[in-house]
Amino acid sequence: MIRLVDEADAQAICHIYNYYVCNTFVTFEEEPVAPDEMAQRIRATVPIFPWVVLENAGEIAGYAYASRWKTRSAYRYAAELTIYLAPTATGQGFGSRLYEHLIADLRDRSLHCLIGGVALPNAASVALHEKFGFVKVAHFKQVGWKFNQRIDVAYWELIF
């Protein structure tokens, strides 16, 4: 089941997100996020953009949301997408279901451009974006630094 996020979901979302913070370079955040901070992030996002969670067997198995691409008003028709799945929930089509739901919602909000950033290598995220018609538009070499290594970041774009 996919539904809109609730602030009460912050704990479960942190459980998913903090796995990636502590064990991977797919997020450049380096310190775990507390549930109250995640609740604040949800509050800041939801009035403007959608944030959805996918429940499987009564547990949150993943989430996805859109956020401002940049703060200047000229970027108001562009949004950046974010998606995370519980490590035990990958490879089951949940990412596709979340993205399909999120992209449909964003189409209805008069947005023109969706952007997905991917720390590389990340074949699953690249495949997800390209499955939905995103096209690679940028590749920044060694712009990130985490776990004592330099990390490339690429961007994919979908125009409505």
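Is Glu 37 buried or exposed, or does Glu 37 count as partly exposed, and at what relative accessibility? At 35% relative accessibility, Glu 37 counts as partly exposed, a class lying between buried (under 20% relative accessible area) and exposed (over 50%), as computed with a 1.4 Å probe on protein chains only. The model is predicted, so that local features need pLDDT of at least 70 and side-chain atom pairs count only at pLDDT 80 or more, whereas totals for chains, interfaces and linings use all residues. Residues are numbered from 1 along each chain as its sequence is written, and side-chain values use heavy atoms, with hydrogens and water left out.

Glu 37 forms a salt bridge (a side-chain nitrogen of Lys or Arg within 4 Å of a carboxyl oxygen of Asp or Glu) with Arg 41, the closest N and O atoms being 2.9 Å apart. Both residues lie in helix 2, 4 residues apart, about one turn of the helix; helices (H or I, at least four residues) and strands (E, at least two) are DSSP runs numbered from the N terminus. Arg 41 also forms a salt bridge with Glu 29, with 2.7 Å between the closest N and O atoms. Because Glu 29 lies in the loop between helix 1 (10–23) and helix 2, this pair ties together parts that are 12 residues apart in sequence.

Strand 5 (residues 113–120) has 7 of its 8 residues buried. Strand 5 pairs (at least two DSSP bridges) with strand 4 (residues 78–85) in the parallel sense over 4 bridges, and with strand 7 (residues 149–159) in the antiparallel sense over 8 bridges. Within strand 5, Gly 116 stands opposite Leu 81 and opposite Trp 156 of strand 7.
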